[in-house]
Amino acid sequence: AILAIALAAVLRASGASTDHVEGMRMRVLADWVAQNRLALHAARGDFPSPGYQDGEDSEAGQRLLWHEKVSETPNPAFRRLEITVTAPDDPKYVLRKLTGFLTSQPR
C-alpha cells in the first residue's frame with residue numbers, strides 16, 4: 001500500500017511537470033508572435049490609426065490568435081500598440097501581452 005501511494009505521487013508529479021512544460025512552450029510561442037507583430041509594424045514604418053485589429057499566426061505548428069489595440073498618446077507623434085496573444089481554443093486565456101510604441105517620424 002505504501003509503495004502504491006508513493007508511485008501514485010510520483011506519477012502525479014511527472015504529469016504536472018509535463019503540463020507545466022507544455023504551458024511554458026505555448027507562452028514562448030505566444031511571445032514570439034507578439035514580438036513579430038511589433039517588429040513588423042516597426043519595420044514597415046507603420047503609423048496606424050487608433051482602433052482594433054484581430055488575426056491569427058502560426059509558430060512551430062501551433063495556431064495562435066492575436067489582437068492589437070492601437071491608441072493615441074499625449075504626444076501626437078506616437079501611437080501605443082498593445083498586442084494580446086491567446087490560444088485558439090480559449091480566446092479569454094491570455095498567453096502573452098506586449099505593449100510597444102510606434103512613431104510617425106522616419107528612422
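1. Is Gly 55 buried, partly exposed or exposed? With a relative accessible area of 22%, Gly 55 is partly exposed, because buried means under 20% and exposed means over 50%. Keep in mind while reading on that this is a predicted model.

2. Let's start with the overall layout. The chain has 1 helix and 4 strands, and reading from the N terminus the order is α-β-β-β-β. The helix, H1, covers residues 2–44. Of the strands, E1 takes in residues 51–59, E2 residues 62–72 and E3 residues 78–87.

3. Now for the outline. The radius of gyration of the chain is 20 Å, whereas a compact globule of 107 residues would come out near 13 Å. Along the principal axes, the C-alpha atoms fill a box of roughly 70 × 30 × 25 Å. You can turn the model to look for that outline yourself.

4. Next, the surface and the contacts. Buried residues account for 29% of the 107 residues. The chain exposes about 7,200 Å², with carbon and sulfur atoms supplying 58% of that area.

5. A quick word on charge. The chain carries 13 positive and 13 negative charges, and the mean positions of the two sets are 4 Å apart.

6. Back to Gly 55, which sits in strand E1. Leaving out residues up to four places away in sequence, Gly 55 touches Leu 64, Leu 65 and Trp 66. Lys 92 is 37 residues away from Gly 55 along the sequence, and their C-alpha atoms are 15 Å apart in space.

7. Asp 54 belongs to strand E1 as well. Asp 54 has 56% relative accessibility, so it counts as exposed, the cut-off for that being over 50%. Beyond its neighbours within four places in sequence, Asp 54 is in contact with Trp 66 and His 67. The side chains of Asp 54 and His 67 are joined by a polar contact of 2.8 Å. Val 85 is 31 residues from Asp 54 along the chain, with 9.9 Å between the C-alpha atoms.

8. Where does Glu 59 sit? Glu 59 is in strand E1, and at 16% relative accessibility it counts as buried. Its contacts, setting aside neighbours within four places in sequence, are Leu 29, Trp 32, Val 33 and Asn 36. Ile 2 is another matter: Glu 59 and Ile 2 are 57 residues apart in sequence and 45 Å apart in space, C-alpha to C-alpha.

9. Have a look at Ala 60 too, in the loop between E1 and E2. Most residues other than glycine have a negative phi. Ala 60 has a positive phi of about 50°, although it is not a glycine. Ala 60 is also exposed, with a relative accessible area of 56%.

10. What does the side chain of Arg 37 pair with through a polar contact of 2.8 Å? The partner is the side chain of Glu 68. Once neighbours within four places in sequence are set aside, Arg 37 is in contact with Gln 53, Trp 66, Glu 68 and Ile 83. Between Arg 37 and Glu 22 there are 15 residues of sequence separation and 23 Å of space, C-alpha to C-alpha.

11. Over in strand E2 you'll find Ser 71. Ser 71 is buried, its relative accessible area being 18%. Not counting residues up to four places away in sequence, Ser 71 touches Pro 50, Arg 79 and Arg 80.

12. Last stop: Thr 86, in strand E3. How is Thr 86 placed, buried or exposed? Thr 86 has a relative accessible area of 1%, so it is buried. Apart from neighbours within four places in sequence, Thr 86 is in contact with Leu 64, Leu 65 and His 67, and also with Pro 91, Tyr 93, Val 94 and Leu 95.

Methods:
Residues are numbered from 1 along each chain as its sequence is written. This is a predicted model: local features need pLDDT of at least 70, side-chain atom pairs count only at pLDDT 80 or more; totals for chains, interfaces and linings use all residues. Side-chain values use heavy atoms; hydrogens and water are left out. Helices (H or I, at least four residues) and strands (E, at least two) are DSSP runs, numbered from the N terminus. The radius of gyration is taken over C-alpha atoms; the globule rule is 2.2 Å times the number of residues to the power 0.38. Buried means under 20% relative accessible area, exposed over 50%, partly exposed in between (1.4 Å probe, protein chains only). Accessible areas come from the Shrake-Rupley method with a 1.4 Å probe; for residues, only the protein chains shown count as cover. Lys and Arg count as positive and Asp and Glu as negative; His and the chain ends are not counted. The place of a charge is taken as NZ of Lys, CZ of Arg, CG of Asp or CD of Glu. Contact means heavy atoms within 4.5 Å. A polar contact is a pair of N or O atoms within 3.5 Å; within protein, one must be able to donate a hydrogen and the other to accept it, and residues adjacent in sequence count only if both atoms are side-chain atoms.
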